[in-house]
Amino acid sequence: MAPMLAETGELTIDELAHRTGMSARNIRAHQSRGLLAPPTLRGRTGYYGLEHVDRVQLIQELQSTGFNLELIGRLLAMTGDSTEEVRRFTSALQRPFGDERPQIVAQADLQQRFSSTAREPLERVLELGFLRTLGDGRFEEVTPQAWRGAEVFAELGVPVEELLAVATEARGHIDAIATAFMRLFVEHVWKPFEVAGRPEEGLERVLEAIERLRPLASATVQSLFQLAMGEAADKRLRAELERLEQQRS
């Protein structure tokens, strides 16, 4: 029987493949790309250790979240080929900018809430990213608070088509705001880090900036929206009151 990793700290390529669920062919391909260090050779047999298992698992994690192999290679180069630093960096990027927890909802429940069984509104909400399909007629509400707001409008009699039109417009504005924030981050944090040769201490500054901006970005948008909403409500309601007054005259 081949020695187990827990006993010897060593694995053949077939054992590494079995341990990680990755084919031996892909393991060799990752080595040729420089994503995985070569094994320790004893005679004609190469042996892999815990660091190889960790690196293969990192590659699998990143690929599952949309990173391609070229980008993974760049991340490894940026962090000095450190699995730990890549995982730390990507974890900072992927943590949500807010404390909302997605909620699971059934399609029948959605149809009841919005008094609509049409397929088009559901498909549009999926395109906008407000819902994520889980299968078996279940969905994940990515933005629960936004859904609660939409439900209130639906209860007040607003048709689902009009809610979708406003949601589409709002998503466009929010995307523009997020793009503006990221432009500032790239120009004044990321590019100086890149120009400096991506030093290790510079990576710390990038990570610190992400963590500091995470709560402030959402709070800034909320603060500005509250200001704009107050002004818009005052202006629009005043105009409606004046219109009613003119009708009575």
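A residue is called buried when its relative accessible area is under 20%, exposed when that area is over 50%, and partly exposed in between, with a 1.4 Å probe and protein chains only. The structure shown is a predicted model, in which local features need pLDDT of at least 70 and side-chain atom pairs count only at pLDDT 80 or more, while totals for chains, interfaces and linings use all residues. Residues are numbered from 1 along each chain as its sequence is written, and side-chain values use heavy atoms, with hydrogens and water left out.

Because its relative accessibility is 12%, Glu151 counts as buried. This residue belongs to helix α9, which spans residues 144–155; helices (H or I, at least four residues) and strands (E, at least two) are DSSP runs, numbered from the N terminus. The side chain of Glu151 makes a polar contact of 2.8 Å with the side chain of Arg148. A polar contact is a pair of N or O atoms within 3.5 Å; within protein, one atom must be able to donate a hydrogen and the other to accept it, and residues adjacent in sequence count only if both atoms are side-chain atoms. If residues up to four places away in sequence are not counted, Glu151 touches Arg113, Phe114 and Glu141, where contact means heavy atoms within 4.5 Å.

Two strands are said to pair if DSSP finds at least two bridges between them. Strand β3 (residues 103–106) and strand β5 (residues 138–141) run antiparallel and are joined by 4 bridges; Ala106 stands opposite Arg138 of β5. Strand β4 (residues 131–135) likewise pairs with β5 in the antiparallel sense, over 4 bridges. Strands of a sheet pair through backbone hydrogen bonds, either parallel or antiparallel.

The 3 strands form an open antiparallel sheet in the order β3-β5-β4. Its edge strands are β3 and β4, each of which pairs on one side only. Direction ignored, neighbouring strands of this sheet are turned by 35° against each other on average. Helix α9 packs on the sheet and touches β3, β4 and β5, its direction making about 105° with that of β5. Helix α8 (residues 119–128) lies across β4 and β5 and runs at about 110° to β4. For these angles, axes are lines fitted to C-alpha atoms, for helices over the stretch in contact, and angles run from 0 to 180 degrees between N-to-C directions.

Most residues other than glycine have a negative phi, and most peptide bonds are trans. Asp136, although not a glycine, has a positive phi of about 55°; the hairpin of β4 and β5 in which it sits has 2 residues between the strands. Because its relative accessibility is 78%, Asp136 counts as exposed. Ser115, in the loop between α7 (107–113) and α8, is not a glycine either, yet has a positive phi of about 50°. Ser115 counts as exposed because its relative accessibility is 67%.

Attention now turns to helix α2 (residues 13–20), whose buried residues are Ile13, Glu15, Leu16, Ala17 and Thr20. What covers them includes α3 (24–33), β2 (45–47) and α4 (50–64). Gly21, which follows α2, has a positive phi near 75°.

His52 is placed in helix α4 and counts as buried because its relative accessibility is 4%. A polar atom of the His52 side chain lies 3.1 Å from the backbone oxygen of Ala37. Not counting residues up to four places away in sequence, His52 touches Leu16, Leu36, Ala37, Pro38 and Pro39.

Glu10 lies in the loop between α1 (5–8) and α2. At 22% relative accessibility, Glu10 counts as partly exposed, and a polar contact of 2.5 Å joins its side chain to that of Arg42.
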